[in-house]
Amino acid sequence: MKSVIVGATIMLSLAGLGFAADERSAPASPSVAADAKKSMVERAQPPASIVSSVSADAPAPASVASVTAASTMNAPAPAVLPAAPSALIVVKPQRPEGHRFFDLRNSFALSAVAVSLTADALSTQKGLSQPGFYEMNPLARPFVQSRAGAAVYSAGSLGLVAAGMYVAHRTHHHKLERILPFAIAGWEGMLSARNYHVIAANTR
């Protein structure tokens, strides 16, 4: 009895092993294979969003392209910003350096004015000491009645000439600065020569 049970147990175990081996090696059914292929195809295909984006980038048909070209032609031109102005570098012309005010020429000119004014004052005082002489310049007439007044008038005249020369020097009118004192010195020298001529003619 035990041997029969043992034999039956062995037979059942062998049958179970054979069934398991057959089950592992048995081909899949057509429906199962179709489902597996479908899942593989679904995994291979990209999502719908990617497909839509790719199709949007694809070239449009001829009609769509013509409409796009027409709308581009009718669209206003983009505003073009003006070019930024380039930096301008302005170089101011340098003026030549002027001379010093009390240079040799101006010193000589002021000395000439001083000498001519002194000669005019002395000749005027000598002429007024004789009868029949009078000062023709109405501005100088109140001053030349005395020697002190004549000295003040001559010093003031020299100061005015020097001030005019300095203004011309500062405003870069150097020609006027040079001409003015020599012109006044020449005029005063001419008046002095006339005074002495009249004095000499009256004393004869």
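A helix is here a DSSP run of H or I at least four residues long, and helices are numbered from the N terminus. A pocket is an open set of grid points with protein on both sides within 12 Å along at least five of seven lines, and its lining residues have an atom within 4 Å of a point. The model described below is predicted.

**The largest pocket**

The volume of the largest pocket is about 580 Å³. Its lining comprises 28 residues, and Asp120, Thr124, Glu135, Met136 and Asn195 are the closest to the pocket centre. Three helices each supply at least two lining residues, namely α5 (104–128), α6 (147–170) and α7 (174–202). Of the contributors to this lining, α7 gives the most, with eight residues. By class, the lining holds 16 nonpolar, eight polar and four charged residues.

Two packed helices are described by the angle between their axes and the distance between the axes. The table gives these values for the helices named above.

| Helix pair | Angle between axes | Axis distance |
|---|---|---|
| α6 and α7 | about 165 degrees | 7 Å |
| α5 and α7 | about 25 degrees | 8 Å |
| α5 and α6 | roughly 155 degrees | within 10 Å |

For α6 and α7, the axes are 7 Å apart at an angle of about 165 degrees. Because angles over 145 degrees count as roughly antiparallel, α6 is roughly antiparallel to α7. Their crossing is right-handed. On the α6 side, the contact is made by Val161, Gly164, Met165, Ala168 and His169, while α7 contributes His174, Leu176, Glu177, Leu180, Pro181 and Ile184. This contact of α6 with α7 contains seven nonpolar, three polar and one charged residues.

The pair α5 and α7 packs at about 25 degrees. Angles under 35 degrees count as roughly parallel, and α5 and α7 are therefore roughly parallel to each other. The crossing in which α5 passes α7 is left-handed. In the contact of α5 with α7, 14 residues are nonpolar, eight are polar and six are charged.

The axes of α5 and α6 cross at roughly 155 degrees, so these two helices are roughly antiparallel to each other. Here α5 passes α6 in a right-handed crossing. From α5, the residues Asn106, Leu110, Val113, Ala114, Leu117, Ala121 and Gln125 take part; they meet Arg147, Ala150, Ser154, Ser157, Leu158, Val161, Ala162 and Met165 of α6. The contact of α5 with α6 divides into 10 nonpolar, four polar and one charged residues.

**Residues of α6 named in two contacts**

Val161 and Met165 of α6 take part in the contact with α7, and Val161 and Met165 also meet residues of α5.

Technical notes: Residues are numbered from 1 along each chain as its sequence is written. This is a predicted model: local features need pLDDT of at least 70, side-chain atom pairs count only at pLDDT 80 or more; totals for chains, interfaces and linings use all residues. Side-chain values use heavy atoms; hydrogens and water are left out. On a 1 Å grid over the protein atoms alone, a cavity is a set of points where a 1.4 Å probe fits but cannot get out, and a pocket is an open set with protein on both sides within 12 Å along at least five of seven lines; lining residues have an atom within 4 Å of a point. Grid points are joined across faces, edges and corners, and a volume is the space filled by probe spheres set on the points. Ala, Val, Leu, Ile, Met, Phe, Trp, Tyr, Cys and Pro count as nonpolar, Asp, Glu, Lys and Arg as charged, and the others, Gly among them, as polar. Axes are lines fitted to C-alpha atoms, for helices over the stretch in contact, and angles run from 0 to 180 degrees between N-to-C directions. Angles under 35 degrees count as roughly parallel, over 145 as roughly antiparallel, 65 to 115 as roughly perpendicular and the rest as oblique. A crossing is left-handed if the near helix is turned anticlockwise from the far one by less than a right angle, and right-handed if clockwise. Contact means heavy atoms within 4.5 Å.
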